[in-house]
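Keep the sequence and the 3D view at hand while reading.

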Amino acid sequence: MAPRDHVRLRYVRPARDGSRAGPGAQLRIQELFDRRPEYAIDVVATVLRLDRGGFSHVEHVGGVAVARMDYTFEEVPGGTRYVNSLTVGLDVPVVGSPFNRWVRPSVFSMAKGEAWQKHNVEEVGNLENFLPALWEEHRGG
């Protein structure tokens, strides 16, 4: 099944080294999980890591990290192991706990989380349809 959730991705700021999407770059990510308005995502994320082993980005509100996505890639026999995790809420023990009890269900409900999981399955399931051609283009072949 083709992904239906992607609305727009725009580069807001280049990476520290001047590249388009390396560490320090900012991306505006707009998605509509399950094509449902109540599951809309519109964030500006800062890239923390982009290398052979993975990709991480974080969203800040008022200078505080409120959401983080981590993707890891590992070579395994016959292919690549891909793991994706999403952390929503504050990683601050005293302040974070009450805030997280409020923000997680109201901003990122269980149903929205399930729609996000479906989105990821569809997204990763489609990589084989275009990633090999992109890799060959990157290699100059």
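Two strands pair if DSSP finds at least two bridges between them. The model here is predicted. In it, Thr46 stands opposite Val58 in S4. The strands S3 and S4 pair in the antiparallel sense, over six bridges.

**The sheet**

Six strands form an open sheet with antiparallel pairing. Their order is S1-S2-S3-S4-S5-S6. S1 and S6 stand at the edges. Each has a single partner strand, so one side of each is left without a neighbour in the sheet. On average, neighbouring strands of this sheet are turned by 25° against each other, direction ignored.

| Strand | Residues |
|---|---|
| S1 | 6-13 |
| S2 | 26-32 |
| S3 | 40-51 |
| S4 | 54-61 |
| S5 | 64-76 |
| S6 | 79-88 |

**A helix across the strands**

Which strands does H2 lie across? They are S1, S2, S3, S5 and S6. H2 runs at about 155° to S6.

**The helix pair**

H2 spans residues 110-125, and H3 spans residues 127-139. The two helices pack at an angle of about 45°. Their axes are 6 Å apart. The angle makes H2 oblique to H3. Where do the two helices meet? On the H2 side, the residues are Glu123, Val124 and Gly125. On the H3 side, they are Leu127, Glu128 and Asn129. The residues of this contact divide into two nonpolar, two polar and two charged.

Notes: Residues numbered from 1 in each chain as written. Predicted model: local features only at pLDDT ≥ 70, side-chain atom pairs only at ≥ 80, totals over all residues. Heavy atoms only, no water. Axes fitted to C-alpha atoms, helices over the stretch in contact; angles between N-to-C directions. Helix = DSSP H or I, 4+ residues; strand = E, 2+ residues; numbered from the N terminus. Parallel < 35°, antiparallel > 145°, perpendicular 65-115°, else oblique. Contact = heavy atoms within 4.5 Å. Nonpolar A, V, L, I, M, F, W, Y, C, P; charged D, E, K, R; others polar.
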